[in-house]
Amino acid sequence: MEWISRSVPRIGALERLRGMPIFGGDIQLEDCLVLRVLRSHRPHARILELEVEEARKIQGVEGVFTARDIPGKNLIGLITKDQPLLAQDRVRFVGDPVALVAARDEESAQRGLEAIRVRYQDLPAIFSPEEALAEGAVAIHQEGNLLHRRVVRKGDVASAMERAAVVVERTYRTPHIEHAYLEPDAGVGYLEWDGTLVILASTQNPHYDQKEVAGLLGLQEEKVRVIQAATGGGFGSKLDLTVQGFIGLALYHLGKPVRLVFSREEAYLATPKRHPLTIWMRTGADSTGKLLALQARIVCDTGAYSSYGVAVATRAAIHATGPYQVENVEVESLAVYTNNPIAGAMRGFGVPQVAFAHESQMDILARELGMDPLQIRRRNALQEGSSTATGQKLGSSVGILECLEALEPHYREAMSSWKGSGDSRYVRRGVGLGAMWYGIGNTGVQNPSTARVELDEDGRVTLFTGAADMGQGSTTVLAQIAAQVLGIQPDRLRLVVADTARTSNAGASSASRQTYISGNAVLEACTKLAQVLLTEASDLLRAPKDTLLLKGEHVADSRDPQRRVSFMELARRARKKNIPLSWQGYFDPETTPLDPETGQGIPYATYAFACQLAQVEVDVLTGRVSVRRIVAAHDVGRAVHPEAVKGQILGGVAMGLGFALMEEFVPGSTASMKDYYIPTARDMPEVLPIIVEAAEPSGPFGAKGVGEPALIPTAPAILNGIADALGERVYALPANLERVLEASIRAGHFPDREVN
Amino acid sequence: MRWAATYHRPSDLTRALELLDALGGQALLLAGGTDLMVEMREGKHGGSHLVDISRLPELKLLELKDGEIHLGAGLTFTEILGSELLRLHAPALVQAASQIGSLQIRNVATLGGNVVHCSPCADSVPGLLVQDARAILQSRGGTRDVPVQEILVGPYKSGIQPGELLTRFSLRSASGMWGAFHKLARRSALAIARLSLAVLARHGDEGLSDVRIALGSGTPVPRRMVEVEEFLLGKAPTEEDLWEAGRVLASKMVEVAGMRASTVYKERAAQGLLVQAMMPLVRHGN
Amino acid sequence: MNMHCQEPGPCGPIPVRFRLNGREVSLQVDAGQSVLHLLREKLGLKGAKEGCGIGECGACTVVVDGVAVNGCLMMAAQLDGREVLTVEGLESPVGLHPLQEAFLEHHAVQCGFCTPGMLMSAYALLARNPQPTRDQIVEALAGNLCRCTGYEQVLKAVEAAARRLASRSGT
């Protein structure tokens, strides 16, 4: 195939290499006002008084807005609408927006902000889910502090545990994590001549932004236009409204161009984080290492507002078994409100956290049974026809065994020759495995994508897609799919991307869904257009359709390629006959909703699988961990753009390494980039990505997805590596200096020296 | 961002000192800017007078004279790293320089700036302390020559008087000595030291004839650990000796810093760090 | 070179003169204004980015007198008499700089926000060390954070650019 499995030049790379002003904070509008948000510094409080008149009078200030100034509905949220754009009468976390200032320049905006008077009356503040669920705890939201409870139940766990030869029970903890995308949230807005509010923003889901802003302002959706500006990474954080609502509000009242650019400090304070999870897990296996039962209780701290909390709790529950067949499952997963920062979508939605748990469990089981960690995974790996924890029978695209096989030679080599050849007594080497599975698309709900392709009378093809590319490369992949179907070079395609006025909804760029879902929508649209072209050409060339092929913007007779007709000519002919040249595609994965009591159902139409291997060196005297090598085998169905897939894996491994060893967002303490460590180039090991392709029949050319899977196995593999090196485990992330040294001491590697 | 009111760039040291004298406490020295700009972003220093000393030739001194190394306070860490002279005569300091910040930071951040900021975690300070570095402070009124330790009054509190400019450091040459600097941090670049250790040692006939150790990030200001030095002096250390030295180090550290949340980790890690840092001395044999 | 404002007291903006991407620039800057702010807000050059504003991410890296610096930490006034290169100055009328070409070929760009900073750090490296080892490349780029790529393709691109530049200059 000409355009699939090919690493074509990335669309959009050139502009970025040249430093063109395409990001939200780069866009310059004339006479643009500056926006600033006043945020609560109290974690939980009633607003007794909010006085903005003084601020309004400050020179240079053109408007100060509060909840009273929101003309539509002052409630937003991706799943549950429980979050005000501006606090109504109560604030629920430090950073909760209270007022919006629009001014002529930064200095006036700052002065305006400082002139706003707020009086708070503190309410009891809750900082842990346990406190939030306790009897008598203050209700953060009207319906109580439990946002969501998801149960996945199958078989008979109690009796299965009794039959088990070994039962392992542990508790695992993960902290708040910050997305730390390089581009702080930013956007601008202006009024179109016809009164349309135009917002250009860093975002992962422009159509959602449009809908939400329209709702806030009480406008018809068509009166709000959201165009995705170049987005410097999102990783889930740019799904919620960040700047868009404020820009819309200011535009609505002032009608003047406005911009809102978060400082890094504000991005840290105000935007969602990864959910901290506490996972209690109990796994039982028989003497051959076959998993018999899994029990888990998962508690997710969803913070002040719901954001994607429901999805995270649900995904964590569904994926808790790991990519293994387990007949008896009992998982309860809770998303709980607290007055901590909002926890929302972050690459993996709860699965990175739960994978740390299930993969640690597998290694502990292996050790207790005297089994090889690779072997125990192989023994239990899901296959075609396997039944998952939600009772779904898997189809043919199940590549976990292939991933394990791909790793095997590396694993054997690492265990046999690398591990033993360390030269320092106080630096111990360990090898760890981490496996994962990940459902593609939103869980058990409709999440369709649409796309449109159009041929004009000059024979030029334009692809319209609402899919937001935030660096993962969706635009290029979609262009390749279109190119393949239509026989046209990707760089000859005209592209209109992520503009609500011109593209229809492709759904959010999240859940690793764009290649699979938007890819199918593009495939359908282009296939329809191709049919029209083939039909016309067949008529013109007097050749049967099945002998024709599309190539080089022509339709040619495969038996005699000189006999061909250009797209331009076909377009003109079709136009004369009134045959449409604009075709829409639509795709929605086949899922079924999960049963509310048992969680049984078909949450995803397809799953990605992976396993990674980590070779680590642990300094037993200081707790320093050095990752020397990662081998990452990922089943992506089909790598439409192999280098982009590798890029995702390489980037995911970096993020996973940070998650494993150095990242921890501490609310109230982590304020700026010097407080939060993501890996630098110097922290990265050698990484070998291996692409495994277990083709997904329902995927475009067999493709599934890789964005989130890339991240998930890394921390489990590294933590298993540390345990292998030390003989003792770390049960909380990050495995930082303190925790690793503590494990080293526990394991007896630190010669006992009382300090007194 | 609060911007300073004025900016001055004196063309030579004399003019700089005159300016500092006139401005007194209102003067803000701008060398590399890596600490200053961060503070200004936090809202500090509004209305101050920036005095740009980044190009003063007198602060770029680098020479060996009579067994003493003289280093201009305005030398950047890149310049320090590139100096063969310093590699020979101040090995611990050079190793420390390579672990500061990032290349972009090292290209502009100065030795003087790092010292004067008085962070407990300043990476350059232990390397200076092990060479009995002295700081030369000049003002319109005269010159003061003080041990660097005296400038480190407390965390972020320097002993430099208004009107004074730290112009250079004088170090006893460590030529012929073995030197090392170890930094324990949460990642490999752009990281604040959790603990750091600078060591200089010389082997004599009967054991270490000279040994100097300075600890960073373990106490309110970095300090020489004389007690550890005394323990090791004259010994041809075995690993057991190093462990004992580590115990002394950790004990002294806790005594000076008091019990803190980080003590559980640091008291062990300090021992471990010392053993690791000085292990090459054991291998060199007796 | 003597500056105005020798006397303490409020004073107007500071005239600076420097070379920017090969052209003479003469303008007035404010005390305390950073190089990054000057480039982005006054000179319309949006390539250098503010990722953190405190020198911890390198997205604002520009090259001053041949050396990579964080634009957010340097004062605009300090540019006086200096030679400044930004990403906009890398390309020539005939085309992209070999570094840019190499980044393209090696798929070193994902979201692109860190890219200008990476390019400038790499440029400064190759200017002083045309045949760097992998370790030296890592050292030069360790101050440029990236959350998307995991760095590997960027490092490969720099290696490739070094080879290409070396073969062009016949070394």
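How many residue pairs are in polar contact between chain C and chain A, counting pairs with both at pLDDT 80 or more? The count is 16. A polar contact here is a pair of N or O atoms within 3.5 Å; within protein, one must be able to donate a hydrogen and the other to accept it, and residues adjacent in sequence count only if both atoms are side-chain atoms.

The model is predicted: local features need pLDDT of at least 70, side-chain atom pairs count only at pLDDT 80 or more, and totals for chains, interfaces and linings use all residues. Residues are numbered from 1 along each chain as its sequence is written, chains are lettered from A and ligands numbered from 1 in the order in which they are written, and side-chain values use heavy atoms, with hydrogens and water left out.

**Confidence**

The predictor gives the complex an ipTM of 0.97 and a pTM of 0.97. For chain C the mean pLDDT (the predictor's confidence in each residue, from 0 to 100) is 92, and 92% of the residues of chain C reach 70 or more. Residues 1–11 of chain C stay under 50, and the model has 29 contacts beyond four places in sequence for them. Where pLDDT is low, the predicted coordinates should not be read in detail.

**Chain C against chain A**

Contact (heavy atoms within 4.5 Å) involves 42 residues of chain C and 51 residues of chain A. The buried area, meaning the accessible area (1.4 Å probe) that two parts lose on being put together, summed over both, is about 3700 Å² for this pair, and carbon and sulfur atoms give 61% of it. His107(C), Gln110(C) and Arg147(C) supply 22% of the area that chain C buries against chain A, more than any other three residues.

There are four salt bridges between chain C and chain A, a salt bridge being a side-chain nitrogen of Lys or Arg within 4 Å of a carboxyl oxygen of Asp or Glu. One pair is Glu91(C) with Arg18(A). On the side of chain C that touches chain A, the elements giving two or more residues are α1 (35–42), α2 (98–105), α3 (115–128), α4 (134–141) and α5 (152–168) of chain C. Such elements are DSSP runs numbered from the N terminus, with helices (H or I) of at least four residues and strands (E) of at least two. By class, this side of chain C has 21 nonpolar, ten polar and eleven charged residues. Ala, Val, Leu, Ile, Met, Phe, Trp, Tyr, Cys and Pro count as nonpolar, Asp, Glu, Lys and Arg as charged, and the others, Gly among them, as polar.

**Chain B against chain C**

Here 38 residues of chain B are in contact with 47 residues of chain C. The two chains bury about 3200 Å² between them, with 57% on carbon and sulfur atoms. The interface of chain B and chain C has four salt bridges and twelve residue pairs in polar contact (both at pLDDT 80 or more). On the side of chain B that touches chain C, β1 (6–8), α1 (13–23), α2 (36–41), β3 (49–52) and α6 (103–108) of chain B give two or more residues. Of these, α6(B) gives the most, with six residues. The classes on this side of chain B are 20 nonpolar, eleven polar and seven charged residues.

**Domains of chain B**

An automatic or database domain assignment divides chain B into domain 1 (6–52), domain 2 (57–172) and domain 3 (178–284). The centres of domain 2 and domain 3 of chain B, taken over C-alpha atoms, are separated by 21 Å. Their contact takes 24 residues from domain 2 of chain B and 25 residues from domain 3 of chain B. About 1900 Å² is buried between domain 2 and domain 3 of chain B, and carbon and sulfur atoms give 59% of this area. Gln99(B), Pro126(B) and Val130(B) supply 26% of the area that domain 2 buries against domain 3, more than any other three residues. The rule finds two salt bridges and eleven residue pairs in polar contact (both at pLDDT 80 or more) across this interface.

**Salt bridges**

Over all chains the structure holds 82 salt bridges. Some of them are listed here.

| Pair | N to O distance |
|---|---|
| Glu91(C) and Arg18(A) | 2.6 Å |
| Arg224(B) and Asp132(B) | 2.7 Å |
| Arg106(B) and Glu139(C) | 3.4 Å |
| Arg572(A) and Asp458(A) | 3.7 Å |

Arg572(A) lies in helix α15 (residues 567–576) of chain A and Asp458(A) in the loop between β19 (449–455) and β20 (461–465) of chain A, so this pair ties together parts 114 residues apart in sequence.
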